[in-house]
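Here are my notes on the model, as numbered points. Please read them with the structure open.

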Amino acid sequence: MHRTYVWDPVVRLFHWSLAAGFAANALLTDPEGNLHEYVGYAIAALIGIRVIWGLIGSRHARFSSFPTDAGAAAGQLSDIATGRIRRHPGHSPLGALMIYNLLLTISGIALTGYLMTTTRFWGVEWPEELHEALVSWAEISIVLHVAAVLFESRRTKVNLARAMVTGYKEVPEARRERP
């Protein structure tokens with residue numbers, strides 16, 4: 001195995017803190033309670049930190065290292081369909097699209113949640129309806145994200161979940177042809 005340092009502590013702490021905060025607000029807190037609101041503010045702060053870190057952070061944390069690219073995403077889908085294994089040092093093209101999806105969706109959840117606390121939007125239906133729709137979309141996206149991590153870990157033989165805990169991707173050595 002070849003071991004490469006990929007995910008710095010900020011990325012890993014953000015990832016698991018966001019997962020815990022979202023799970024807490026979706027499953028444990030009372031949507032009408034103060035704790036739900038405070039967790040939402042913490043999530044918004046996490047997103048802000050991640051956006052800043054995406055501009056100034058370590059190599060694989062920077063958004064420039066995983067730009068949105070429909071062609072690359074289509075290429076990854078083609079690789080999956082044909083059984084070709086291409087391992088990516090940081091985020092894969094489909095993984096990058098999922099990250100942008102989740103960052104934007106959860107930012108929208110935080111914004112609509114905040115709007116519901118303001119005098120101007122108190123009792124207005126559309127922020128609450130949009131908030132609930134975005135939460136549903138985030139839940140679907142998270143299930144797809146976890147399924148994709150498990151699928152790609154098995155397909156590429158790189159334990160992506162472990163890498164998000166340790167910071168290191170362990171990639172099988174390339175096989176050499178015998179002469």
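1. From the N terminus on, the order of elements in the protein chain is β-α-α-α-α-α-α-β, that is, six helices and two strands. Helices (H or I, at least four residues) and strands (E, at least two) are DSSP runs, numbered from the N terminus.

2. This is a predicted model: local features need pLDDT of at least 70, side-chain atom pairs count only at pLDDT 80 or more, and totals for chains, interfaces and linings use all residues. Residues are numbered from 1 along each chain as its sequence is written, and side-chain values use heavy atoms, with hydrogens and water left out.

3. The C-alpha trace of the protein chain spans about 75 × 30 × 30 Å along its principal axes. Of its 179 residues, 35% count as buried (under 20% relative accessible area; exposed is over 50%, partly exposed in between; 1.4 Å probe, protein chains only).

4. Helix H2 (residues 34-56) has 23 residues and should span 33 Å at 1.5 Å a residue; its end C-alpha atoms are 33 Å apart, so the two agree. The expected span is 1.5 Å times one less than the number of residues.

5. Which residues of H2 are buried? They are His36, Val39, Ile43, Leu46, Ile47, Arg50 and Gly54. Their cover includes helix H1 (9-28), helix H4 (93-115) and helix H5 (125-156).

6. Lys157 sits in the loop between H5 and helix H6 (160-166). Its phi is positive, about 60°, although Lys157 is not a glycine. Most residues other than glycine have a negative phi. Lys157 counts as exposed because its relative accessibility is 56%.

Definitions and conventions:
Contact means heavy atoms within 4.5 Å.
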